[in-house]
Amino acid sequence: MASRKRIYDAEFRDGAVRIVTETGKLVPEVAEDLGIHPGTLHSWVSRARRNGSPSSDRPVAEPSPGGRLRESERAELERLRAEAREKDKRIRELETERDVCKGFVALWVN
């Protein structure tokens, strides 16, 4: 059984990807409607999300070397983590205060 490799033009690929991304339909459903293999459409959608176009193998923006964060991104991440730690600490303090107040109310009512 011989399989033939079909070639789809860029406009068709872009349209198929747009259907998936804009309508929220599942890849297999759209692939069946268009008469293409679901794996083919999935690879186009993945490539479009990664590179900005289902026809391009090159990323839209070059990632930072080695996938590492830039210094400004690292500083922002550290600031957000510290802020989250402070909020978690405050939440635990408020929960403790609430529990103590509940205990006083229970004693006062009885």
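What share of the contacts in the protein chain between residues at least 6 apart in sequence join residues at least 24 apart?

1. Among those contacts (heavy atoms within 4.5 Å), 42% join residues at least 24 apart. The model is a predicted one, in which local features need pLDDT of at least 70 and side-chain atom pairs count only at pLDDT 80 or more, while totals for chains, interfaces and linings use all residues. Residues are numbered from 1 along each chain as its sequence is written, and side-chain values use heavy atoms, with hydrogens and water left out.

2. The protein chain holds four helices and zero strands, where helices (H or I, at least four residues) and strands (E, at least two) are DSSP runs numbered from the N terminus. Of its 110 residues, 15% count as buried, meaning under 20% relative accessible area with a 1.4 Å probe, protein chains only.

3. Helix α2 (residues 27–34) and helix α3 (residues 38–51) have axes that come within 8 Å and cross at roughly 120°, the axes being lines fitted to C-alpha atoms over the stretch in contact, with angles from 0 to 180 degrees between N-to-C directions. The contact is made by V27, P28, V30 and A31 of α2 together with P38, L41, H42 and V45 of α3. These residues divide into seven nonpolar, one polar and no charged, with Ala, Val, Leu, Ile, Met, Phe, Trp, Tyr, Cys and Pro counted as nonpolar, Asp, Glu, Lys and Arg as charged, and the others, Gly among them, as polar.

Methods. Buried means under 20% relative accessible area, exposed over 50%, partly exposed in between (1.4 Å probe, protein chains only).
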